[in-house]
Amino acid sequence: MPDFASRDPLTPAFWDERFDRQFTPWDRGAVPAALQAFVAQAPGPRTVAGQPPAVLLPGCGAAWELALMLEAGWDATAIDFSPVAVARAKALAGRYAGHIVQADFFDYVPSRPLDLVYEQAFLCALPRARRLDVAERWAELLAPGGLLAGYFFFDDVLKGPPFGIARAELDALLAPHFDCIADDAVTDSIPVFAGKERWMIWRRR
Ligand SMILES: C[S@@+](CC[C@H](N)C(=O)[O-])C[C@H]1O[C@@H](n2cnc3c(N)ncnc32)[C@H](O)[C@@H]1O
């Protein structure tokens with residue numbers, strides 16, 4: 001692993017440095033299969049009459065998933081607090097670059113309650129002490145019936161990121177606000193997550 005100056009994953013500088021030096025082992029470089037299937041299925045996330053589903057991709061990194069969601073007609077916004085990540089995502093997004101915003105997940109206020117939050121290597125990017133804050137923010141942002149869907153990384157190695165979670169801890173974290181409605185094995189993991197991640201969907205009560 002290269003020697004990095006920034007050691008605190010709670011700061012944008014930590015992620016800037018890794019994107020700058022192209023050290024991004026979490027980056028799948030493509031849209032993963034379970035998400036593709038989820039986007040393809042009807043009716044998708046909760047839809048308010050006349051409005052496309054409002055979707056947020058927090059800590060989006062390169063935001064490979066954004067174009068697929070926009071092309072499905074979803075009102076999707078990808079956010080990241082790292083300026084270098086945002087620049088990379090915008091360069092990849094082409095005509096969809098306007099849907100990528102530099103913002104901190106804990107401060108970002110969407111224009112309307114969300115129907116879907118997409119989770120992909122964001123919870124596991126943050127030190128364990130921030131987990132409750134992440135779960136509470138997910139719950140605040142999602143409308144009742146809205147979905148938290150994506151990939152959850154299970155591991156007990158203390159050093160991170162990625163900071164894996166125990167299944168019982170994830171259940172305890174989300175149970176106050178969410179019901180688990182899907183929990184599936186992942187077949188196309190990249191090495192850093194292989195054998196240790198699940199595709200899950202949690203519905204906001
Ligand atoms: C491990 S990377 C995952 C990126 C992307 N989701 C992926 O799977 O390729 C974690 C990302 O979360 C971003 N991030 C961390 N804390 C954040 C915060 N408070 N608000 C917004 N983005 C944040 C980092 O800048 C980084 O791009």
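Is E17 buried or exposed in this structure? E17 is buried, with a relative accessible area of 15%, where buried denotes under 20% relative accessible area, exposed over 50%, and partly exposed in between (1.4 Å probe, protein chains only). The model is predicted, so that local features need pLDDT of at least 70 and side-chain atom pairs count only at pLDDT 80 or more, while totals for chains, interfaces and linings use all residues. Residues are numbered from 1 along each chain as its sequence is written, and side-chain values use heavy atoms, with hydrogens and water left out.

The whole structure contains 15 salt bridges, a salt bridge being a side-chain nitrogen of Lys or Arg within 4 Å of a carboxyl oxygen of Asp or Glu. One of them joins E17 to R18 at 3.9 Å, N to O. R18 is also buried, at 6% relative accessibility.

D16 is located in helix α1 (residues 12–20); helices (H or I, at least four residues) and strands (E, at least two) are DSSP runs, numbered from the N terminus. D16 is buried but forms no salt bridge, and R18, its nearest side chain of opposite charge, is 9.6 Å away. For charge, Lys and Arg count as positive and Asp and Glu as negative, with His and the chain ends not counted.

A further salt bridge links R198 and D183, with the closest N and O atoms 2.8 Å apart. R198 belongs to strand β7 (residues 197–204) and D183 to strand β6 (residues 178–185), so the pair ties together parts 15 residues apart in sequence. Salt bridges with shared partners join R167, D171, D183 and R198 into one network.
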